[in-house]
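This briefing treats the protein–DNA contacts, the helix packing and the strand pairing of one model. The sequence and the structure come first, and the points follow by topic.

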Number of protein chains: 2
Amino acid sequence: MAHIKINDLTSFHGALNDPLRLRLLRLLMERELCVCEMMRVLKTPQYKVSRHLGVLKKAGLIRDWREGTWIHYEIAPAIPGVLKESLVCLRSLWDQSSVIKHDLRILGRSSARKPGEPVVNC
Amino acid sequence: MAHIKINDLTSFHGALNDPLRLRLLRLLMERELCVCEMMRVLKTPQYKVSRHLGVLKKAGLIRDWREGTWIHYEIAPAIPGVLKESLVCLRSLWDQSSVIKHDLRILGRSSARKPGEPVVNC
DNA sequence: TCTTTATATGCGCCATTTCGCATATAATAG
DNA sequence: CTATTATATGCGAAATGGCGCATATAAAGA
């Protein structure tokens, strides 16, 4: 069980301190997504999505990998247990927000590409 | 069950986005405290403690009342259930930090004045 | 190689936040 | 009324953070 530094806590709470980042993280708690999908769901310019994903990544909350020209993001599998539990708890809080609810509805309508399936649209 | 606006979420996470505020809030999760006690425990100038308590108060997380020249602070009793649960969850996370652990040890050594008891020191 | 698609980032600008000092306020004691 | 104790706050400077544009990078396709 590793120590957590007060700076890690600050960067954690800092990462959650922006509406767009909150929404991005919440989407990623549903499933792995590529940047262009998040752009579409949140109707947000590419440079914003990339920038804010960068902050979440730097805080260690998400990780990414490349597949062709796409970059996929997902919740970092290696985050400590206490942190994961906190996120699950916070999810219940966030889900009371109508903006978050709306985002999830839009995400639900957008089709998930299954692994190996050819890239269709973006 | 009231809706929570995305702005409330932002102000919540914003309130937690500062090391000193985190430490203050954590102390108040132990027990009601007056400003001068928090100054002593956290070894922090008065204006900083007051300012940051003001932010926590504005976010609706704590409330205060006067007793003589002292101002007491405590966790707001009226905060919504989901929020309270989130705080309890986050407490486990924060408590892994050695800074927080240290603060709590110092607080434990400082004597709590019981209600009605005369004010002794500060 | 040239183009297109997907994503990241350097940079300057503006808004927000924090700091530290000084001062204001409020209650109490003398 | 004056002094003291406890706390809050106005203000300017410094630091931080997000925005938007433009551009860089990287892979794939023609």
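**Helix packing, strand pairing and DNA contacts**

The axes of helix 1 (residues 6–15) of chain A and helix 2 (residues 19–28) of chain B come within 10 Å of each other, with a crossing angle of roughly 100°. The model is a predicted one. Angles of 65 to 115 degrees count as roughly perpendicular, and helix 1 of chain A and helix 2 of chain B are therefore roughly perpendicular to each other.

**Helix contacts**

- In the contact between helix 1 of chain A and helix 2 of chain B, the former contributes A:Ile6, A:Leu9, A:Thr10 and A:His13, and the latter contributes B:Pro19, B:Leu22 and B:Arg23.
- By class, this contact of helix 1 of chain A with helix 2 of chain B has 4 nonpolar, 2 polar and 1 charged residues.
- Within chain A, the axes of helix 2 (residues 19–28) and helix 4 come within 10 Å and cross at roughly 75°; helix 2 of chain A and helix 4 of chain A are therefore roughly perpendicular to each other.
- The contact of helix 2 of chain A with helix 4 of chain A has, by class, 8 nonpolar, 1 polar and 2 charged residues.

**Sheet of chain A**

- Chain A has an open sheet of 3 strands in the order 1-3-2, with antiparallel pairing.
- Strand 1 (33–34) and strand 2 (62–67) of chain A are the edge strands, each pairing on one side only.
- Strand 2 of chain A pairs with strand 3 of chain A in the antiparallel sense over 6 bridges.
- A:Arg66 stands opposite A:Ile71, which lies in strand 3 of chain A.

**Surface near DNA strand C**

- DNA strand C is surrounded by 20 residues, of which the closest are A:Gln46, A:Ser50, A:Arg51, A:Tyr73 and B:Arg21.
- Of the atoms of DNA strand C that come within 4 Å of the protein, 58% belong to sugar and phosphate.
- A polar side-chain atom of A:Arg51 is 2.7 Å from a base nitrogen of DNA strand C.
- Phosphate oxygens of DNA strand C lie 2.4 Å from a side-chain N or O atom of A:Tyr73 and 3.0 Å from a polar backbone atom of A:Cys36.
- At least two residues of this surface near DNA strand C come from each of helix 3 (35–42), helix 4 and strand 3 (70–75) of chain A, and from helix 4 of chain B.
- By class, the surface near DNA strand C has 9 nonpolar, 6 polar and 5 charged residues.

**Surface near DNA strand D**

- DNA strand D is surrounded by 21 residues, and the closest are A:Arg21, B:Gln46, B:Ser50, B:Arg51 and B:Tyr73.
- Sugar and phosphate make up 57% of the atoms of DNA strand D that come within 4 Å of the protein.
- Side chains of chain B reach phosphate oxygens of DNA strand D: a polar atom of B:Ser50 at 2.4 Å, and an N or O atom of B:Tyr73 at 2.5 Å.
- A polar backbone atom of B:Val35 is 3.4 Å from a phosphate oxygen of DNA strand D.
- The elements that give two or more residues to the surface near DNA strand D are helix 4 (46–58) of chain A and, in chain B, helix 3 (35–42), helix 4 (46–58) and strand 3 (70–75).
- The surface near DNA strand D has, by class, 9 nonpolar, 6 polar and 6 charged residues.

How values were computed:
Residues are numbered from 1 along each chain as its sequence is written. Chains are lettered from A and ligands numbered from 1 in the order in which they are written. This is a predicted model: local features need pLDDT of at least 70, side-chain atom pairs count only at pLDDT 80 or more; totals for chains, interfaces and linings use all residues. Side-chain values use heavy atoms; hydrogens and water are left out. A residue is near a molecule or strand if one of its heavy atoms lies within 4 Å of it. A polar contact is a pair of N or O atoms within 3.5 Å; within protein, one must be able to donate a hydrogen and the other to accept it, and residues adjacent in sequence count only if both atoms are side-chain atoms. Helices (H or I, at least four residues) and strands (E, at least two) are DSSP runs, numbered from the N terminus. Ala, Val, Leu, Ile, Met, Phe, Trp, Tyr, Cys and Pro count as nonpolar, Asp, Glu, Lys and Arg as charged, and the others, Gly among them, as polar. Two strands pair if DSSP finds at least two bridges between them. Axes are lines fitted to C-alpha atoms, for helices over the stretch in contact, and angles run from 0 to 180 degrees between N-to-C directions. Angles under 35 degrees count as roughly parallel, over 145 as roughly antiparallel, 65 to 115 as roughly perpendicular and the rest as oblique. Contact means heavy atoms within 4.5 Å.
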